[in-house]
Amino acid sequence: MKMKMKRCKSCGEYTLKNECPYCGGEVGVVYPAKYSPEDKYGKYRRMLKKQLLENKGMI
């Protein structure tokens, strides 16, 4: 399967075209972030969510 989403190597904008429409730079294929079953930052996300809910008075 061919990736359609591309990112400009010079300005960092995303596009579906073969050339950057903003700066005319070279574009490359964007790969998704690497998946890991170990959630290194899950503890911190849960702590932040709990703090936000406590600040809103929902807990």
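This is a predicted model: local features need pLDDT of at least 70, side-chain atom pairs count only at pLDDT 80 or more; totals for chains, interfaces and linings use all residues.
1. On to the fold. You'll find 3 strands and 1 helix in the protein, and going along the sequence they come in the order β-β-β-α. The radius of gyration is 19 Å, whereas the globule rule gives 10 Å for 59 residues, so the protein is more spread out than a compact globule.

2. For overall dimensions, the C-alpha trace covers about 50 × 25 × 20 Å along its principal axes. If you look at contacts between residues at least 6 apart in sequence, 12% of them join residues at least 24 apart.

3. What about the surface? The protein exposes about 5800 Å², with carbon and sulfur atoms supplying 55% of that area. Of the 59 residues, 14% count as buried.

4. Thr 15 deserves a look of its own. This residue lies in strand S2, which runs over residues 14–15. Is Thr 15 buried or exposed? Its relative accessibility is 9%, and buried means under 20%, so Thr 15 counts as buried.

5. Who are the neighbours of Thr 15? Beyond those within four places in sequence, Thr 15 is in contact with Lys 4, Met 5, Lys 6, Pro 21 and Val 27. There is also a polar atom of the Thr 15 side chain 3.1 Å from the backbone nitrogen of Lys 17.

Note on methods
Residues are numbered from 1 along each chain as its sequence is written. Side-chain values use heavy atoms; hydrogens and water are left out. Helices (H or I, at least four residues) and strands (E, at least two) are DSSP runs, numbered from the N terminus. The radius of gyration is taken over C-alpha atoms; the globule rule is 2.2 Å times the number of residues to the power 0.38. Buried means under 20% relative accessible area, exposed over 50%, partly exposed in between (1.4 Å probe, protein chains only). Contact means heavy atoms within 4.5 Å. Accessible areas come from the Shrake-Rupley method with a 1.4 Å probe; for residues, only the protein chains shown count as cover. A polar contact is a pair of N or O atoms within 3.5 Å; within protein, one must be able to donate a hydrogen and the other to accept it, and residues adjacent in sequence count only if both atoms are side-chain atoms.
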